[in-house]
Amino acid sequence: MNLPNKLTIGRVLAVPVLIVTLMLGHYYAAAAIFALASLTDMLDGMIARKYGLVTNFGKIMDPLADKLLVMSALVCLVELGDVPGWMAIVVLAREFTVTGLRSVAAAEGVVIAAGATGKVKTILQMAAITAILLRNWPFCLIGMPVAEILLWAAVVMTVVSGIEYIVKNKQVFSS
């Protein structure tokens, strides 16, 4: 198994550790786990492309690992009262829609690559969750609601990227 795939598996294995840590109220430790796992998302893709290590396993598991990481954190943050439930539902709905679209396309032999807005969405989601887990530190010292701003930006970009995926790939629905 190559390094990018090991990083992806590591991200999946970090999810239960993140959940337990967060639900025990250890926000800063959860932030460290989440941020490290988020960085592996960037690293595995860079390494896979640079060294020609792109695999079918990676094509399938990398986006699933990202979704598992982000959605687990969001659901826990809803449970803890840090994120409004409707925001998590919007993110979940987009992820299920895009994953379903990709599955139908894959069954027809079509690969739907991640677009620029999808990548921005992922970065914003990961930045927002990290800021929330850090309790908006250090911005809380100056009263700037960076975590809230990032969360709103992530939700908006989630909707925009979801619409873009549907519009760009509407032919998948008509087959």
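The model is predicted, so local features need pLDDT of at least 70 and side-chain atom pairs count only at pLDDT 80 or more, while totals for chains, interfaces and linings use all residues. Residues are numbered from 1 along each chain as its sequence is written, and side-chain values use heavy atoms, with hydrogens and water left out.

Let's start with helix H4. Helices here are DSSP runs of H or I, at least four residues, numbered from the N terminus. H4 covers residues 85-107, 23 residues in total. From first C-alpha to last, H4 reaches 33 Å, close to the 33 Å expected at 1.5 Å a residue. That expected span is 1.5 Å times one less than the number of residues.

Which residues of H4 are buried? Buried means under 20% relative accessible area, with a 1.4 Å probe and protein chains only. They are Met-87, Ala-88, Val-91, Arg-94, Glu-95, Val-98, Leu-101 and Ala-105. Their cover includes helices H3 (56-79), H5 (116-133), H6 (146-168) and H7 (170-174). Just after H4, Gly-109 has a positive phi of about 80 degrees.

Now Asn-2. Asn-2 sits in the segment before helix H1 (3-23). Asn-2 is buried, at 16% relative accessible area. Leaving out residues up to four places away in sequence, Asn-2 touches Leu-53 and Thr-55; contact means heavy atoms within 4.5 Å. A polar atom of the Asn-2 side chain lies 2.9 Å from the backbone nitrogen of Asn-5.

Last, a ring. Arg-135 lies over the face of Tyr-27, 3.8 Å from the ring centre. The rule: CZ of Arg or NZ of Lys within 6 Å of the ring centre and within 35 degrees of the ring normal.

Notes
Helix = DSSP H or I, 4+ residues; strand = E, 2+ residues; numbered from the N terminus. Buried < 20%, exposed > 50% of the residue type's maximum accessible area, 1.4 Å probe, protein only. Polar contact = N/O pair within 3.5 Å; in protein donor to acceptor, adjacent residues only side chain to side chain.
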